[in-house]
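My notebook is open, and I want to get to know this structure piece by piece. I'll jot down what I look up as I go.

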Amino acid sequence: MTQRFIRMEGGGRTLVLPASQVRQIVPLVPLIDVPLARRHVAGVLPLEEKAIPVYRMADLELPAGSGSAPGRPAGSEAQIVILEAEGALAGFLVERVAVSGAPGDEGTTAITAPVLMAAASVAASPAQAGEGRAIQGE
Amino acid sequence: MMRVMVFRLSGVAIALKLTAVERILAPSDPLPEGVGAADLAAALGLRGGLSRPEDDHRAILAGGGMALRIGVPLGTASIDPRWILPLPGYMFRQRSPFRGVIVAAAGSAGAGPAERALLLDEGELAELSRE
């Protein structure tokens, strides 16, 4: 049986991963803003009785050679690609998504859901930690 | 079922267990003597939003020692605790102050004051207030 791949474009990156690791692709809907979330967290999507974190691809620190520069302004994201790995779900904002029969070509980066999801869950940088927590008296 | 109060603070719908709240103060109500004041929006890093500071209510937390500025109350709702959708801790820059997301359609008998809200962890709230 021929393996299928999902090609997802967002934040100046084009990633290709096995379609079997994609749980669902949904149209962009308003997300729940989450205070104190890390910079690359776009919000939370309640789906299938779960609160799924949704990430901006431009802000992810991906393995070398994955293209783009972190911090690139958000593009016209139109869909959320929901990946599944080891029982966990995570969403990624994309501008375009397509099904492909090939694992990738020039200008694309082959990746897997566990790697992408691990990149999304890396520890916060020291600069980000500590923002916004201190409560202020009146 | 768990009773929660839902309020809108800087544009974000937030919920808190009713048992964690002793009393709500209207914007014009004076702060009772001996009660400290704290700003939840600042603690959560919220800035701006559509609410006006002069509309903000305050919630005196159970125990009576702290009044938290909470924005505009939207009402109360009953939720099934099994329908609190937990948030992964790695989403946060620091320890999460939330128990999770509550979604009215999933967990309550009818339409609530907000379709979905972030449920504060009252234990973390007490911690915040002490900082």
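**Entry 1**

I'm working with a predicted model, so I looked up the confidence before anything else. Chain A has a mean pLDDT of 79, with 77% of its residues at 70 or more. I noted one stretch to treat with care: over residues 123-138 of chain A, pLDDT stays under 50. For that stretch the model has 30 contacts beyond four places in sequence.

**Entry 2: Counting the parts**

I went through chain A and found one helix and nine strands. Reading from the N terminus, I get β-β-β-β-β-β-β-β-β-α. Chain B gave me three helices and nine strands. Its elements, again from the N terminus, run β-β-β-β-α-β-β-β-β-α-β-α.

Of the 138 residues in chain A, 37% are buried. In chain B, which has 131 residues, the buried share is 44%.

I also looked at contacts with a separation of 6 or more. In chain A, 65% of these are between residues 24 or more positions apart. For chain B I wrote down 66%.

**Entry 3: The five-stranded sheet in chain A**

In what order do the five strands of the open sheet in chain A run? I traced them as β3-β6-β7-β5-β4, with mixed pairing. At the edges I found β3 (22-27) and β4 (41-47) of chain A. Each of these has a single partner strand, so one side of each has no neighbour in the sheet. On average, neighbouring strands here are turned by 30 degrees against each other, if I ignore direction.

β4(A) pairs with strand β5 (residues 50-56) of chain A in the antiparallel sense, over six bridges. Across that pairing, I see A:L45 standing opposite A:I52 in β5(A).

Next I asked what packs on this sheet, and helix α1 (residues 113-120) of chain A does. The helix touches β5, β6 (79-85) and β7 (88-94) of chain A. The direction of α1(A) makes about 105 degrees with that of β6(A).

**Entry 4: The helix, one face at a time**

Which residues of α1(A) are buried? My list is A:A113, A:L116, A:M117 and A:A120. Looking down the axis of α1(A), I see its buried residues within an arc of 95 degrees, so they line one face of the helix. What do the buried residues of α1(A) pack against? I found β2, β5, β6 and β7 of chain A.

**Entry 5: A look at A:I82**

I picked A:I82, which lies in strand β6 of chain A. Is A:I82 buried or exposed? I counted 21 C-beta neighbours inside 10 Å, and the cut-off for buried is 20 or more, so A:I82 counts as buried.

Leaving out neighbours within four places in sequence, A:I82 is in contact with A:R23, A:Q24, A:V26, A:I52, A:L89 and A:G91.

**Entry 6: The four-stranded sheet in chain A**

I moved on to another open sheet in chain A, with four strands in the order β8-β1-β2-β9 and mixed pairing. Its edge strands are β8 (96-100) and β9 (109-110) of chain A, and each pairs on one side only. Strand β2 (residues 13-18) of chain A pairs with β9(A) in the parallel sense, over two bridges. There I found A:A110 in β9(A) as the bridge partner of A:V16.

A:T109 is in strand β9 of chain A too. With 18 C-beta neighbours inside 10 Å, A:T109 counts as partly exposed. A:H40 is 69 residues from A:T109 in sequence, and the two are 20 Å apart, C-alpha to C-alpha.

**Entry 7: The nonpolar core**

Last, I looked up the largest nonpolar core, and it has 76 residues. Nonpolar side chains tend to be buried together in soluble globular proteins. The residues with the most contacts inside this core are A:F92, B:V4, B:I14, B:A15 and B:L118.

Terms used. Residues are numbered from 1 along each chain as its sequence is written. Chains are lettered from A and ligands numbered from 1 in the order in which they are written. This is a predicted model: local features need pLDDT of at least 70, side-chain atom pairs count only at pLDDT 80 or more; totals for chains, interfaces and linings use all residues. pLDDT is the predictor's confidence in each residue, from 0 to 100. Two residues are in contact if their C-beta atoms, placed from the backbone, lie within 7 Å. Two strands pair if DSSP finds at least two bridges between them. Axes are lines fitted to C-alpha atoms, for helices over the stretch in contact, and angles run from 0 to 180 degrees between N-to-C directions. A residue is buried if 20 or more other C-beta atoms lie within 10 Å of its own, exposed if 12 or fewer, and partly exposed in between; C-beta atoms are placed from the backbone. A nonpolar core is a set of buried Ala, Val, Leu, Ile, Met, Phe, Trp, Tyr and Cys residues joined through C-beta atoms within 7 Å. The arc is that of the directions from the helix axis to the C-beta atoms.
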